[in-house]
Amino acid sequence: MIETRFTRLFGVERPIVQGGLAHLAYAGLAAAVSNAGGLGQITVASFPDREALREEIRLCRSLTDKPFSLNFALGQRPLNDLLDLALEEGVRHVSFTAGNPEAMIKQIQSSGLEGEVKILVLVAGVRAAQKAESLGAHTVIAVGYEGGGHLGRDDIGSLVLIPRILDAVKIPVLASGGIGDARGYAAALALGAEGIEMGTRFVATQECIAHANYKQALVAAQETQTVAIERSIGRPARVLQGEWPTKIAAVEASDPPPTIQELLPYIAGERNKRAALEGVLDEGFVWAGQVAGLIHDVPTVRELLDRMSDGAETIIKKLAANLRPS
């Protein structure tokens, strides 16, 4: 097993985190990842109210006795009440993505649980990483331009972004974006990251509730078959190419550019669910990173993590064997 500051801090066997995955990250997938030694996550924004989230947290606890996290995707709607509920239910790992986490982190600190709750923050730039550290985050996840879902605005690839953030903060840094096999895992560790986060790769697993059409589309896709949408409204996000993303691109290319209200019918969550959960890919969109070009099967979560861990250890040993005395 590969041990890092992250595994020790978060109490997991493997420094591998499952991404938030809107509309897909529920107790079943989170528990499968945690049971396989990683850190599974439940996406809070998928739940309409406190009781629905409470039930999901308790369901996850019935499926695993290992640590898991709740992911808070910021900016969509206020989630403060659901954070309070999570703390009441004894959740001690949380992550924040897609927005400024300052208010939510202060909410944790004012709860009296500051020393107990471990915080991850997804960032796409140096300043955001430094800000997260100053606010009290325990780990930052550096997501490069290759990643799926919402990205940073600067189009910086993981190979450059990860070392830049490592040089800028003292807390552990996880690598995200373009990682889906043992080679990417080992490369992230070689850069100095203390673990990885994967989103797209976990969609194409047996435990994920994504429709089979979505999973097979990922298996069939090349690395060139993703596109960034929502640039016109300042929040670029990577999706799998298709009929619906082509419509989005046409709307965004209009002159003048569309307002958020004009674009919303094309990018609303219902369009994502139509494709991701119902499998009607030509009537919606699905999140996908360039790592789709490296996805060739739909294994169980444990099979995926076992082969990634074993493969990364083999690569590291092979590199070490190449060293010769000076």
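## Ground rules

This is a predicted model, where local features need pLDDT of at least 70, side-chain atom pairs count only at pLDDT 80 or more, and totals for chains, interfaces and linings use all residues. Residues are numbered from 1 along each chain as its sequence is written, and side-chain values use heavy atoms, with hydrogens and water left out.

## The sheet

There are 8 strands in an open sheet, running β1-β9-β8-β6-β5-β4-β3-β2 with parallel pairing. Strands here are DSSP runs of E with at least two residues, helices are H or I runs of at least four, and both are numbered from the N terminus; two strands pair if DSSP finds at least two bridges between them. The edges belong to β1 and β2 (40-43), each with a single partner strand, so one side of each is left without a neighbour in the sheet. On average, neighbouring strands are turned by 25° against each other, direction ignored (axes are lines fitted to C-alpha atoms, for helices over the stretch in contact, and angles run from 0 to 180 degrees between N-to-C directions).

## A look at β4

Strand β4 (residues 93-97) pairs with β3 in the parallel sense over 4 bridges, and Asn71 stands opposite Ser95 in β4. With β5 (residues 118-123), β4 again runs parallel, joined by 4 bridges; here His93 stands opposite Lys118. The chain gets from β4 to β5 through helix α5 (residues 102-110) in a right-handed β-α-β crossover, and β3, helix α4 (residues 80-88) and β4 make a right-handed β-α-β unit too. Right-handed means that, with the strands pointing away from the viewer, the path from the first strand over the helix to the second runs clockwise.

β4 is mostly covered, with 5 of its 5 residues buried (buried is under 20% relative accessible area, exposed over 50%, partly exposed in between, with a 1.4 Å probe and protein chains only). His93, Ser95 and Thr97 point one way, while Val94 and Phe96 point the other.

## Salt bridges

The structure holds 20 salt bridges, each a side-chain nitrogen of Lys or Arg within 4 Å of a carboxyl oxygen of Asp or Glu. One of them joins Arg5 to Glu194, with the closest N and O atoms 2.6 Å apart. Arg5 lies in helix α1 (residues 5-10) and Glu194 in the loop between α8 (182-191) and β9 (196-198), so the pair ties together parts 189 residues apart in sequence. Arg5 is partly exposed at 36% relative accessibility, whereas Glu194 is buried at 14%.

Glu13 and Lys66 make another, at 3.4 Å between the closest N and O atoms. Glu51, Arg54, Arg58 and Glu89 are linked in a network of salt bridges.

Lys215 sits in helix α10 (residues 212-220). Lys215 is buried yet has no salt bridge, and the nearest side chain of opposite charge, Glu207, is 7.2 Å away (Lys and Arg count as positive, Asp and Glu as negative; His and the chain ends are not counted). Lys215 does touch Val203, Ala204, Thr205, Gln206, Cys208, Ala210 and Val298, leaving aside residues up to four places away in sequence, where contact means heavy atoms within 4.5 Å.
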